[in-house]
Amino acid sequence: MSAPSNQNAKQPKTFAFTPANLAEAKKIMAKYPAGREASAVIPLLDLAQRQHANWLPIAAMDVVADMLRMPRVKVYEVASFYTMFNRAPVGKHLLQVCTTTPCWLCGSGALMKVCKDKLGLEGNDTTKDGMFSLMEVECLGACVNAPMVQVNDDYYEDLTAETFSRLLDDLAAGKKIKIGSQTGRQGSAKMGHKR
Amino acid sequence: MPKLKINETEIEVAPGTSILQACEQIGIEIPRFCYHDRLSVPANCRMCLVEVEKTPKPVASCAMPCADNMVVKTNSPMVHKARKGVMEMLLINHPLDCPICDQGGECDLQDQAMGYGFDRGRYTEAKRAVKDKELGPLIKTIMTRCIHCTRCVRFAEEIGGAPELGAFGRSENMEIGTYIEKCVTSELSGNLVDVCPVGALTNKPYAYKARPWELTKTETIDVFDAVGCNIRADARGQEVMRVLPRLHEEVNEEWINDKTRHAYDGLKRQRLDRPYVRNAQGKLVPATWPEAFAAIARQVQGMAASSIAAMAGDLCAVEEVFALKMLMQGLGSPHMDCRQDGVQYDVSTRAAYLFNSGIAGIEQADAILLVGTNPRVEATLINARIRKRWLRGGLKVGLIGEAVDLSYPYQHLGNSPRFLEDVALGRSPFSTILKAAKNPMVILGAGALQRKDGIAIHFRARQLAENNNMIREGWNGFNVLQLAAGRTGALDVGFVPGQGGRGTNDIFSGIQTDHVKLVYLLGVDEIDAKKFGRAFVVYQGHHGDRGAERADVILPGAAYTEKNAWYMNTEGRVQAARRVVFPPGQAREDWKIIRALSESLGHTLPFDTQAQLRKKIIEAHPHFAKIDEKLTAPWVAFGRDGVIDPIPFALPIQNFYQTDVISRASITMAKCVEAFLMPAREAAE
């Protein structure tokens, strides 16, 4: 699954790294030998995305391309290949619901239904208030604690319709939420295991 | 040298040779889509699979180097099964629209599906559809047909030097395009259509015009620049339908530029198809050939031979120029010039005006100094050759002149003849590079020579060449880049002022002082009509352009696709162009016109057939007998010094797409100007 289409995104005309991020970018670029700056393309795009409300406008890709002396089209190729780069605006909380077999068997369907009923989100879309974006994704590698949802950088595991619904409320309210398993499971230990 | 066995044939190949190349050496054809012998090897289409003994899986032969004792099978059941699988996979999303596809009949996918396709599809799910991309006025896209071989992406990046195409998204969603709305801004973009193995990229002006099997294919020579690209012109009836490149390793490899490929529609417009004579009211009226000749004869009779002058234009073939020279000599006039741009540098010896290193010679060069030239528009294929050499590494390029995008990096030394003197005298940092180079080259463009001080610049460039180890046994690094296809040949047959004769500029001043009363223009169109003053102008040519507009008598000639003719390219290679279609209406081949006119003027030229004329040319200039050979010219002293004006060099071609009468009459070229040049100009303003 790819990120929401960029076709109709309103693109800002310009993009510039903040001084702090520019310094960080220079640091990343310095990790690679001279003439191989292009190796820094993914970390730089990530930096740009984090600075720019979690999505990458074309202007930002151009800035990265020019910094790394790459043809711009090569940066567009990289950005469009990796699903973690969003090339259109996304909500404050990007919900990546895993629907691959283990999560699906353990009830990811119910989580998708919560998204539909509670947020009105079906398929790749963003709520009107810009709070949530939904993205149906393939396996994120947390099958032991299925079903799971990734919200921005964090994993929330062992979800049910109720816990997921509460999670969404808490996110909307800006509350701090425990990351990881929502059932109190330690890491990915066996269910019910107590130290 | 690895030794291996392919289908029972033992073969020894150079190290690094791929299995596919080894197979080609012994005449085994391997099907392929992504592999192209002039591009990098991505090995992503998987069509070239072969069986290699002791490997569990079929191997992509394009990317697998040959190793010692390999046993390769290219026609085993396993190979056939594997290729069938790949073909089925490729056809899953390929539409079955061959009947309406322009690639039909010359499609790699169609051909190979005959060999490896199933007779019916097993795929019942929905096929994917991809939005077409807008790539400008030359390339039509039907992206659903794309099989993602990425040849176009690699061509644009590697050979075109315009990395503007890419593959976006992944797997099922992968699409070829530019991502942002943008035309491909390369003068070589038409070749993308040729490298595309399917009908995804097709020739836009030719869309739905003809099928390959209805076309008569004629191998001929291009005249839009002095490179002399080898082309194949396809005609249906009396109409040129398209122009394609033809392989010539030493000239254009297998590419041509967009003007060569697409300006042919100018051959159908603005044509002169009957003679015209200007009447007493000053209007051009249609006439018969005898009337036109009589009008000229009336003027010539009683006129002193020294009042007659002749000029030859940029698209003229060797035959007509030589015939006109003979006629002028018969009349007794030494006033003739083939340099309508008025350049005056010394052309007394061949080495002074040839591209001496040769186009293929660029690949041996390790330092190139460009002077007053933008080879990208003046000789696109020479620029592509320099880029090819640069890609291999170890080439240093310096430029004296206007800074332009050449598609490879260069050291800009400045834009003034002063810097040329600096290099010649060893005062420039680039002199060190030239001194250290094994095969240094200097390329002198028209921008450096089309000046009042062109003679002195030409001389300094010779000094520069001699001082920098460019002239020695086996290497000549002194190069003049001609702009016109007809120029080198005309200089070779000596269509320059004879003893006491007037050159281009003197002809014009002679007109002003009434010393020149009749000017014969053989395809001369790049001159302001005012310069002809009150002179009687005879224009022989194929398009109603500037020359014909001013003319008092028009003799309709043949364009390059309408005559058998010799052209000499900038490196001094004689190439034979062949007639594709007949000249329109009453137009005739140019040498015939001159021969017929000579009879009316009472100085009948001593030949009746083209063969006899060619024999005369060879008698006078024996090297014309050596068709398609790059002949080296002996190095003798030439040129003379003079005062150099410090004004910067100006580039002669501002508009690549419209440089001559044919491209000015072409609608496609006008569209190119709109799509490629206008946006750039607007951006600059």
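**A guided look at two chains**

Visitor: Where does Asp158(A) lie?
Guide: Asp158(A) sits in the loop between strand E5 (154–157) and helix H7 (161–173) of chain A. Keep in mind that this is a predicted model.

Visitor: Which kind of peptide bond runs from Ala146(A) to Pro147(A), cis or trans?
Guide: That bond is cis, with omega near -10°. Pro147(A) belongs to the loop between strand E3 (132–137) and strand E4 (149–151) of chain A.

Visitor: How many helices and strands are there in chain A?
Guide: Chain A has 7 helices and 6 strands. Along the sequence, the pattern is α-α-α-α-β-α-α-β-β-β-β-α-β. The C-alpha atoms of chain A fill a box of roughly 55 × 40 × 30 Å along the principal axes.

Visitor: How many residues of chain A and chain B are in contact?
Guide: 14 residues of chain A are in contact with 14 residues of chain B. Contact asks for heavy atoms within 4.5 Å. The area buried between the two chains is about 1,100 Å². Carbon and sulfur atoms give 58% of that area.

Visitor: Why is the pair Lys74(A) and Glu157(B) called a salt bridge?
Guide: The closest N and O atoms of Lys74(A) and Glu157(B) are 2.8 Å apart. The cut-off is 4 Å, between a side-chain nitrogen of Lys or Arg and a carboxyl oxygen of Asp or Glu. The pair therefore meets the rule. The count between chain A and chain B is 1 salt bridge. The rule for polar contacts finds 5 residue pairs across this interface.

Visitor: Which elements give two or more residues to the side of chain A that touches chain B?
Guide: They are helix H3 (58–68) and helix H4 (72–81) of chain A. H4(A) gives the largest share, 6 residues. By class, this side of chain A has 7 nonpolar, 4 polar and 3 charged residues.

Visitor: How many salt bridges does a search of the whole structure find?
Guide: Over all chains, the search finds 65. One of them joins Lys133(B) and Glu175(B), with the closest N and O atoms 2.9 Å apart.

Visitor: Why does the pair Lys133(B) and Glu175(B) tie together parts that are apart in sequence?
Guide: Lys133(B) lies in the loop between helix H3 (108–116) and strand E6 (139–141) of chain B. Glu175(B) lies in strand E8 (residues 175–177) of chain B, so the parts tied together are 42 residues apart in sequence.

Visitor: How many cavities of 30 Å³ or more does the structure hold?
Guide: The structure holds 6. About 140 Å³ of space lies in the largest cavity.

Visitor: What lines the largest cavity?
Guide: The lining has 18 residues. Leu315(B), Cys316(B), Gly523(B), His542(B) and Val661(B) lie nearest the centre. Strand E25 (residues 536–541) of chain B gives the most to this lining, with 3 residues. By class, the lining has 6 nonpolar, 5 polar and 7 charged residues.

Methods. Residues numbered from 1 in each chain as written. Chains lettered and ligands numbered in written order. Predicted model: local features only at pLDDT ≥ 70, side-chain atom pairs only at ≥ 80, totals over all residues. Heavy atoms only, no water. Buried area = accessible area lost by both parts, 1.4 Å probe. Polar contact = N/O pair within 3.5 Å; in protein donor to acceptor, adjacent residues only side chain to side chain. Helix = DSSP H or I, 4+ residues; strand = E, 2+ residues; numbered from the N terminus. Nonpolar A, V, L, I, M, F, W, Y, C, P; charged D, E, K, R; others polar. 1 Å grid on protein atoms, 1.4 Å probe; cavity = no way out; pocket = protein on both sides within 12 Å on 5 of 7 lines; lining within 4 Å. Points joined across faces, edges and corners; volume = space filled by probe spheres on them.
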